[in-house]
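Keep the viewer open as you read.

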There are 2 protein chains.
Amino acid sequence: MNPEQENPDIRTDGAEAETASDVERLSADIGRIHTLCEILAPAFPQIEAGIPPEDETLTAPLTELTVLLAELHPADAAGVLESLPPRERNIVWLLVRPEDDGEVLLEVSDAVRETLIESMDKEELLAAVDDLDADELAELADDLPHQVVAEALQTRDEEERAQVQAAMSYSDGQVGAIMDFELVSIRADVACEVVLRYLRRFDSLPDHTDKIFVVDENDALKGVLPIRKLLVADPEEQVENVMVQDVVRFRPEDDVEEAAQAFERYDLITAPVVDENKKLIGRITIDEMVDVIREESEADMLNMAGLQEEEDLFAPVWDSVKNRWMWLAINLCTAFVASRVIGAFEGSIEKIVALAALMPIVAGIGGNSGNQTITMIVRAMATGQLSGMQAKRLLKKEVGVALANGLIWGTVMGIVSWLLYNDLGIGLVMVAAMTLNLLLAATVGVLIPVFMEKAGRDPALGSSVLITAVTDSGGFLIFLGLATVFLL
Amino acid sequence: MNPEQENPDIRTDGAEAETASDVERLSADIGRIHTLCEILAPAFPQIEAGIPPEDETLTAPLTELTVLLAELHPADAAGVLESLPPRERNIVWLLVRPEDDGEVLLEVSDAVRETLIESMDKEELLAAVDDLDADELAELADDLPHQVVAEALQTRDEEERAQVQAAMSYSDGQVGAIMDFELVSIRADVACEVVLRYLRRFDSLPDHTDKIFVVDENDALKGVLPIRKLLVADPEEQVENVMVQDVVRFRPEDDVEEAAQAFERYDLITAPVVDENKKLIGRITIDEMVDVIREESEADMLNMAGLQEEEDLFAPVWDSVKNRWMWLAINLCTAFVASRVIGAFEGSIEKIVALAALMPIVAGIGGNSGNQTITMIVRAMATGQLSGMQAKRLLKKEVGVALANGLIWGTVMGIVSWLLYNDLGIGLVMVAAMTLNLLLAATVGVLIPVFMEKAGRDPALGSSVLITAVTDSGGFLIFLGLATVFLL
C-alpha cells in the first residue's frame, strides 16, 4: 500500500530540538508566558494605555510575549487566558492578535468568555465576530450584547442571517444549535470527473470535508459521496453508482449527546442534518462532537462534586460562592436529617457512648458502596446499555455483592470493635448494621437511577447526594436502632 | 458556495418512518433484541447446539433476531452484547455474523471481551482476527491466548509482523500502542495530478484519510498534503508548493491523553507519528482519540466513585467484589481513624450528648466543600491551565470562599442548634467549628493536588477519598475539641 515506507535508510542528522514533540513545546510556551507576565507586571499600566513601557529593560520581554502569543493557535491562546488571573488575563488579551479574537472567544470557557467580552468595546467586538461563520456567530450570540449581535447581522447577507437565526432557535442540547452550514452538495446524475472539476472551482473546501452530500432537485438528501471513494473512483462513473445511500443522518431536534455517541460508534467525521422532508439543512462535524463528549463528562464530574457549572479559576470570591452554594445547602439539609436521626437515639448514646464513635463507620461504608453501585448503573444508562427490564436482575446481583461485602467487612470491623470495647454485643451489632446498610445502599443504588429514568430525569444529576443521604440517615438508624434493641 | 441549497421547494411526500432519526431507530432495535431474547429463552439449548428450535413458533423470532443482528453495525452489536446477561450474551454472540466477530471484539469493553473470547475455540478466534489490521491485532493480542496470537502472526507477512510487534512494544498509555500503519505517503517533487493518479491506483484509501504524508527519500516527514487542498489545487502544481510544513506530529512515546488534547485543540482528524530521526512510522486517528477522551473521563468518574475499572454490568458477584474491595478497604481505614478521633472525646459526648448528633454536620459540609475545591483544581491541572506558581493565589481565593461559606452556613446551623438545644454555647461552637473545617477543607483541597503533581502523581486518583478523610477526622477533632474547651 505504501511502498516508500519500506526503505530502511534513516536520516540521522535531524536536529533534536526540532523533533521535540509538539505537546512538550506547548507546555514550555505556556510556562514562558506566565514568567513573562510576572516580569512585565510593573509595566501593566503602560501596556493597558497602549504606550511603550517606561522601564526600557521591559521592552524585550514585551516583544517576546507579543511574538509568542502571535504564534499560538487560538485554542492554545484560549488555554493561556483561562490559566491567568484577571489582571494578567486582560494584558494578554490586549496583546493577542485582533484577527484571532473571534476564534479565541469561541474556544474559551463560558465563564472566561464573559470576562473577556466585558473588557471589549462595541467596535472591538464587531471586528472580532466579523470573520466568523454563521454557526459560530450564533454560538457567541448569547454572550454578546444585543446591540452587537444586531449590527453584526446587518453586515451579513440574507442567507447567512437566516442561518444564524435558525441556529439560535434551537436549544443548547440540540443538534440544530451546533450544526454548520458550510457544506458541498452535488447531484447524483453527474460523473465523478465533473465533481472533481466542480471542487476545483472552490478557493478552499470547508473544514473536515470528508464527504460530499448528494441531493436531488429539491435538496432532499439522497446519499453521500465520501472523498475517499471519489479519489479512487473511475472518473467516468456516475456519482449515483459510487455514493453511499445508507447514511447516518440527524434531525436538528436530536439530542447532541446521542449524536456524539453515534459519531463515536460509527467513527464519523461529518454527518448531514436533514429536516422532516429529508431536505439537507446543515451538517455536524467531529470537532463539535468531541467538545460535546468532553463537556458532558466534565458536567458529570462537576455535578458529582457539587459544582453547578464550570468555574473561572480566578473568579471573584462571590461568584464562586454563588456557583457552589446550592449543593452545600442540599448537603446541609441531608446532614441535618441524619443529625435528627441521631438525636432520636441520644438516650442510647448516653448509656453506651461507644455508639457515637462507631456510627460514622456504618454510614461511611454504606455511602461508599452505594456510590459504586449508582455510578456503574448511571454509566450503563448513559451509554444506552440498560433498559428497565434488567433492573430486577441487576438488583439481585448488587444485593449479592452487598451481602458478600457486608459479611466480609462487617466481620472485620465487628472483631475490631469487639476487641476495642471488649464487648461481643457491640461487635455483633456492627456486623449486622454494616451488612444491612450495604444491602440498603445496593437496593437504593439500583432503584434511584431506574426511577429517575422512568420519570424522564437525568439519572446522573444529584444521584450521589441522594444515595449518600439515604445511607447516612439509614446507617445511623439501623446501627443505633439495633444497638437500642439488643444492647440496652 | 452551495447554490443548490437555495432552492426553496420542499418535497413533502417523504415517508415519516424513513426519516425517523438513526438514534431513535437504534434504541428501538436494541429493545426489540432484548424482547426477542426473552421470547427465545426456551430454545436456548437448541440454539447453542446449532439445531432448529423444537417449538416451531420460535423459528420466526429466531430468524428476526438473526436478521436484526446482521444489520447492526459492529459497534452497536458490541453495545447489545454489553447490555445482556451472560446466558443471553452467549446466544447473541453465536448469532452475530462470524465476519463481524473481529470488529465486535475490538469494540466491546475489556471485561465483556474476556467473556466473549472465553466462549470461542481456537479456530473461531483465528477466523475472527484474520481480517484485522496489524494495529487492531496488536490491540486484541493481550486478551487472546498466546497460541492464537502466534498462529495469527504466522499468516501475516514480514512487514505486518514487525508492525504488530512494534505496536505491542509500547505501553497502554503511549501513542505507539494505538497508532496504525495504514497511510498514504508521497514525495514532495511530484505534481498534484500525479498524486491524484497515484491515489486512483488504490482499491480503497485508509479510513479517515484527510491528508497524505509527504516524505523524502529516507521516509523523513517533510509535511502533509491535506486532501482539501489537493482537491482545489492546480493539477500542474508541485506538491511541495501545496503541502503544509507546520504539522502537529507525535512521537510513539508521547502520552495518549496529551495527544487527545492536541487533537481536540487543533481539530485534527489524523496526525503523523515520527521517530527520533523524523522518520514517518505511523499515524493516529481521531476515532482512537475520541475513545481516549471517553475512557479518560470514565476512568476519572469510576475512580471518584471508588471502582477500580470498568465493570461488566452482569459480572459474577465475586468479580464485582474484587473490583470494589480496595476502595471500600481504604474507606474503612479512614472511617476508623475518624472513629478513633471521636473515641478520644467520649468523655465530652457523655456529658453533652447533643455533640454526637451535631458532629456529622460539621464533617459533612467540610467534605462537600473540599470536594468542590479539589475537583476544580484537578480539572484545571488536567487541562494544563494550572502551574505551581499560581497555587498561592488560588489558595487565597479558596480561603476567601471558605470563609464566606463558613460564616453564612455556620451561622444558619448555629442558630438552628441554638434553638434546638436551647444552648447559645452549642450554637457558637457550631459557627466556629463549621468555619474552621471549611478553611481546613479549602487549604487541603488546594495543597493535595499541588503536592501530588509536584511528586509526579496523577492528582485525580484518590484525591476525593483523601480530602474526605481529612475533613471527617479534622471536623470531628475541631468540633469536639472546641466543645470540650468551651462548653465543659
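Which helices of chain A each supply at least two residues of the nonpolar patch? They are helix H22 (391-421) and helix H23 (424-454). Helices here are DSSP runs of H or I with at least four residues, strands are E runs of at least two, and both are numbered from the N terminus.

Before going further, a word on what you're looking at. This is a predicted model, so to speak of local features we ask for pLDDT of at least 70, and side-chain atom pairs count only at pLDDT 80 or more, while totals for chains, interfaces and linings use all residues. Residues are numbered from 1 along each chain as its sequence is written, chains are lettered from A and ligands numbered from 1 in the order in which they are written, and side-chain values use heavy atoms, with hydrogens and water left out.

Back to the patch. Its members are Ile415(A), Trp418(A), Leu419(A), Leu424(A) and Leu428(A), and together they show about 510 Å² of accessible area. To join a patch, a residue needs over 30% relative accessible area and no salt bridge; like charges are joined within 9 Å, and nonpolar side chains (Val, Leu, Ile, Met, Phe, Trp, Tyr) within 5 Å. The areas come from the Shrake-Rupley method with a 1.4 Å probe, and for residues only the protein chains shown count as cover. H22(A) gives the most, with three residues. Trp418(A) sits in that helix and is partly exposed, at a relative accessible area of 38%. On this scale, buried means under 20%, exposed means over 50%, and partly exposed is in between (1.4 Å probe, protein chains only).

Now look at the loop between H22 and H23 of chain A, where you'll find Asn422(A). Asn422(A) has a positive phi of about 55° although it is not a glycine. Most residues other than glycine have a negative phi. Asn422(A) is exposed, at 68% relative accessibility. Asp267(A) also has a positive phi, near 50°. Look for Asp267(A) in the loop between helix H17 (256-266) and strand E4 (270-274) of chain A; with a relative accessible area of 30%, Asp267(A) is partly exposed.

Helix H17 of chain A also holds Phe263(A), which is buried, at 2% relative accessibility. What does Phe263(A) touch, not counting residues up to four places away in sequence? The list is Phe250(A), Leu268(A), Ile269(A), Thr270(A), Ala271(A), Ile284(A), Thr285(A), Ile286(A) and Met289(A), where contact means heavy atoms within 4.5 Å.

The contact takes 160 residues from chain B and 161 residues from chain A. The size of an interface is often given as the accessible area lost when the parts come together. Here that buried area (1.4 Å probe, summed over both parts) is about 15100 Å², and carbon and sulfur atoms give 59% of it. Between chain B and chain A there are twelve salt bridges, each a side-chain nitrogen of Lys or Arg within 4 Å of a carboxyl oxygen of Asp or Glu. On the chain B side, helix H21 (residues 354-382) brings the largest share of what touches chain A, 18 residues.

Two of these links are worth a click. Glu264(A) and Arg294(B) meet in a salt bridge with N to O at 2.7 Å, and Arg294(A) and Glu264(B) meet in a salt bridge at 2.7 Å, N to O. In the second pair, Arg294(A) lies in helix H18 (residues 286-305) of chain A and Glu264(B) in helix H17 (residues 256-266) of chain B, so the pair joins two chains. Both ends are buried: Arg294(A) has a relative accessible area of 13% and Glu264(B) comes in at 15%.

Over all chains, the count comes to 38 salt bridges. One of them links Glu151(A) and Lys122(A), with the closest N and O atoms 2.8 Å apart. Glu151(A) lies in helix H11 (residues 146-154) and Lys122(A) in helix H9 (residues 122-130), both of chain A, so the pair ties together parts that are 29 residues apart in sequence. Glu151(A) is partly exposed at 25%, and Lys122(A) is partly exposed at 30%.

Technical notes. Buried area is the accessible area (1.4 Å probe) that two parts lose on being put together, summed over both.
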